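Subject: Structure handover

Hi,

Here is the structure for you to look at. My notes on it follow below.

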Amino acid sequence: MATFAVPQQIPPVAEDCERLRKAMQGWGTNENAIISILTRRNARQRCLIRQTYAEKYGEDFFKPLQDELSGDFLRAVLLWTPHPAERDALLANEVTTKKHSAAHNHLVIMEIACTRTSRELFQVREDYHARYKRSLEEDIAYHTIGDFRKLLVPLVSTYRYEGAEVDMTVANLEAKILQEKISEKAYNHDELIRILTTRSKSQLNATFKVYNDQFGHPINKDLKKKPKDEYLGLVRATIKCLTYPEKYYEKALRLSMKASERQRRL
């Protein structure tokens, strides 16, 4: 799915629906047909396929998928097909209601909060609210504790400014605040959390650059004093996702593939 591209010319959406329905009928499922269609359509086109399928056949496209597919392939298709905001809402609900490791749950919520635009994150909250009749914030607050709750709730609640403008006076002041709180080991201080959860990504990049220039090393290096501390790990991941999401995901994918390779060898 990561290597396919949308062709310049695509068939009518009704034809895609017919091919998908045929792929899921009879003995066995034509997984190659499903892959060839869904991986060559963008998010808007996949949403239109789902809408047209429901209108044409009277059922959600997800129902035959769940009936005919299973395991990792089913999960990949179910996460690939919905509108991105719907997918994020589903993932957020999954990690707040099902039994995963706490560290995994915290990272999923943080990734959604930090790598989406303000408008995209707002749409996730809207979808979550409409789907589950509860707010995303209240579920995260209920299912997290302590410092994790203190960081994650404002992260998902924020509506950051998206522009490129930067105030260097603020950057210098807040770099100093961050250094003071980190040196005091006050990693959960209100000011540290305020800066991370409210400032624009451009402003944060400027602040972290000032931090590096003034104190001689990146902020995340000072946050590695306790490498096994889960909360500090979440703070470091938050900073990485806010400033260099591509590097964050490159590392996450690399570690995941290494873990999968080790499992295959067992």
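**Aromatic rings and their surroundings**

F122 counts as partly exposed, because its relative accessibility is 29% (buried is under 20% relative accessible area, exposed over 50%, partly exposed in between, with a 1.4 Å probe and protein chains only). Before the rest, the ground rules: this is a predicted model, in which local features need pLDDT of at least 70, side-chain atom pairs count only at pLDDT 80 or more, and totals for chains, interfaces and linings use all residues. Residues are numbered from 1 along each chain as its sequence is written, and side-chain values use heavy atoms, with hydrogens and water left out.

Back to the rings. The structure holds seven aromatic pairs. Rings of Phe, Tyr and Trp (its six-membered ring) pair if their centres lie within 6.5 Å; planes under 30 degrees apart are stacked, over 60 edge-to-face, the rest tilted. F122 and Y159 form one of these pairs. Their ring centres are 6.3 Å apart and their planes stand at 75°, so the pair is edge-to-face. F122 sits in helix α8 (residues 118-132), and Y159 in the loop between α10 (146-157) and α11 (168-183), so the pair ties together parts that are 37 residues apart in sequence. Helices here are DSSP runs (H or I, at least four residues), as are strands (E, at least two), numbered from the N terminus.

Y53, Y57 and F61 form one aromatic cluster. R21 lies over the face of Y57, 4.2 Å from the ring centre. R50 lies over the face of F62, at 4.0 Å from the ring centre. For such a charge, NZ of Lys or CZ of Arg must be within 6 Å of the ring centre and within 35 degrees of the ring normal.

**Overall**

The chain has 16 helices and zero strands. Its C-alpha atoms fill a box of roughly 65 × 45 × 35 Å along the principal axes. Of the 266 residues in the chain, 40% are buried. Take the contacts (heavy atoms within 4.5 Å) between residues at least 6 apart in sequence: 67% of them join residues at least 24 apart.

**Helix packing**

- α11 and helix α12 (residues 190-198) pack at about 135°, with axes 9 Å apart. Axes are lines fitted to C-alpha atoms, for helices over the stretch in contact; angles run from 0 to 180 degrees between N-to-C directions. The two helices are therefore oblique to each other (under 35 degrees is roughly parallel, over 145 roughly antiparallel, 65 to 115 roughly perpendicular, the rest oblique). α11 passes α12 in a left-handed crossing, meaning that the near helix is turned anticlockwise from the far one by less than a right angle; clockwise would be right-handed. E174, I177, L178, K181 and I182 of α11 make the contact with E191, L192, R194 and I195 of α12.
- Helix α13 (residues 201-215) and helix α15 (residues 230-243) have axes that come within 9 Å and cross at roughly 115°. α13 passes α15 in a left-handed crossing. On the α13 side are K201, L204, N205 and F208; they meet I239, L242 and T243 in α15.

α12 has these buried residues: L192, I193, I195, L196 and T197. They pack against α10, α11, α13 and α15.

**Single residues**

L242 is in helix α15. With a relative accessible area of 3%, L242 is buried. What does L242 touch, not counting residues up to four places away in sequence? The list is C114, R160, L196, K201 and L204. L242 and T97 are 145 residues apart in sequence and 26 Å apart in space, C-alpha to C-alpha.

T52 is found in helix α3 (residues 43-57). It counts as buried, at 14% relative accessibility. With residues up to four places away in sequence left out, T52 touches V13 and C17.

Two loop lysines have positive phi. K133 lies in the loop between α8 and α9 (136-143). Its phi is near 60°, a positive value in a residue other than glycine. K133 is exposed, with a relative accessible area of 66%. K185 lies in the loop between α11 and α12. Phi of K185 is also near 60°. K185 is exposed too, at 57% relative accessible area.

Best regards
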